[in-house]
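Dear colleague,

Here is the structure that I promised to hand over, with the sequence beside it. Please have a look at it first, and then read my notes below.

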Amino acid sequence: MSQTVIRLGERTSVRNLKEYQEVIPKPSKHEILVKVHAVSINYRDIGVATSGYPFPVKDNVVPCSDAAGVVVEVGEGVKGLEKGDRVIGTFDPTNIFGQQEDWNNGHGGPVDGVLREYFTIPGVAAVKVPKDSPQSFAEWSTLVCTGVTAWNALYGNVPLKPGQIVLGQGTGGVSITGLLLAKAAGATTVVTSSSDEKLEFVKSKFSFDYGVNYKKHPEWSKEVLRLTGGEGVDYVLENGGSGTIAESINSVKMGGNVSVIGFLSQAKEMPDVAAMALAKGAVVRGITVGSTQLLKEVVRFVGRKGLRLPVEKEFDFSAEEAIKAYEHVASGSHIGKVCIKVAGQ
């Protein structure tokens, strides 16, 4: 039997996605075969398609790392999973617990990803999601990279406590998801954006506490300090990179946490991060997605809290529609996550 697989040719444009017919793989003794129902797109996928991703990528790769689906075949050595289970799989299937050791095994980059109808994954790297949950396959798919990254930022090192303050940069997937997780855990939330309309929308839709327009406030850390009574925030989900790291450190309180997640903004001149971190006694920590253990934790939290995850738009499964989905993410106009619906839900 064959399946439709979307691969990326030359890494010069998101328009280089093409469809192929390929054999459905057979799971080995310790693997499962998953029928994909939804795929979530990350900014990383745009970087892979345009050679902006700074880590290894194989030739003619099947892109994307985040999928939710149903188990259709189980290897004889797999325990705890059976046909019909709804699952999502770890970004790096070799990272079961602890720190990711390298960038050589992440889906959709150095190894083929999930933008296809079926894929295999080790049973130990798959996490069951509740069968009767209100969340759609698309919503669950967003936890693979975005959800785990946000969870790792909040709980992977110094665990978030109720009553603390969390700031998310922008209205993309990691920021919105991270602030939803933080709000559900009893934290005060601050979101930044260049658009007052976006700020008002996400504050009303998700009940975030404060919004800061960084176009109106180029030194936005000063506005954050004003809003927090001069105290500063406990956590920053730092999506910008070198172009925003100085404002992030300035906005945290003494001993605060800055989780370096993205690379959307480049600085003309790199600030002295070492001196700034020392002056604040701050933890500045790079987040490399996270392990299966962290994925299980965030799935449990979302399931028990009944959190609805921020999927803004779903596209159909074809190369043409996938290109449209990529272009929508690349435009930066989305709020939350953009997904591709692969099978009927």
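Is Leu 154 buried or exposed? With a relative accessible area of 0%, Leu 154 is buried, where buried means under 20% relative accessible area, exposed means over 50% and partly exposed lies in between, computed with a 1.4 Å probe on protein chains only.

Before I go on, please note that this is a predicted model, in which local features need pLDDT of at least 70 and side-chain atom pairs count only at pLDDT 80 or more, while totals for chains, interfaces and linings use all residues. Residues are numbered from 1 along each chain as its sequence is written, and side-chain values use heavy atoms, with hydrogens and water left out.

Leu 154 has its place in helix α3; helices (H or I, at least four residues) and strands (E, at least two) are DSSP runs, numbered from the N terminus. Not counting residues up to four places away in sequence, Leu 154 touches Pro 159, Leu 160, Val 166, Gly 178, Leu 181, Ala 182 and Tyr 235, a contact being heavy atoms within 4.5 Å. Gly 178 is 24 residues from Leu 154 along the chain, and their C-alpha atoms are separated by 7.9 Å.

As for the whole, the protein has 10 helices and 15 strands, and 57% of its 345 residues count as buried. The C-alpha trace spans about 60 × 40 × 35 Å along its principal axes. Among contacts between residues at least 6 apart in sequence, 71% join residues at least 24 apart.

Next comes a sheet. Six strands form an open sheet in the order β10-β9-β8-β11-β12-β13, with parallel pairing; two strands pair if DSSP finds at least two bridges between them. Its edge strands, each of which pairs on one side only, are β10 (210-213) and β13 (283-286). Strand β9 (residues 188-193) pairs with β10 in the parallel sense over four bridges, and Tyr 210 in β10 is the bridge partner of Val 190. Helix α5 (residues 196-206) packs on the sheet, where it touches β9 and β10, and its direction makes about 170 degrees with that of β10; axes are lines fitted to C-alpha atoms, for helices over the stretch in contact, and angles run from 0 to 180 degrees between N-to-C directions. Helix α6 (residues 220-227) also packs on the sheet, touching β8 (165-169), β9, β10 and β11 (233-238), and its direction makes about 155 degrees with that of β10.

Finally, the aromatic rings. A search of the whole structure finds six aromatic pairs; rings of Phe, Tyr and Trp (its six-membered ring) pair if their centres lie within 6.5 Å, and planes under 30 degrees apart count as stacked, over 60 as edge-to-face and the rest as tilted. Phe 91 and Trp 103 have ring centres 6.4 Å apart and planes at 80 degrees, so this pair is edge-to-face. Phe 91 counts as buried at 1% relative accessibility, whereas Trp 103, at 22%, is partly exposed. Trp 151 and Phe 301 form a tilted pair, 5.3 Å centre to centre with 50 degrees between the planes. This pair links distant parts of the chain, 150 residues apart, with Trp 151 in helix α3 (residues 143-155) and Phe 301 in helix α9 (residues 292-305). Trp 151 is buried, with a relative accessible area of 7%, and Phe 301 is buried as well, with 16%.

With kind regards
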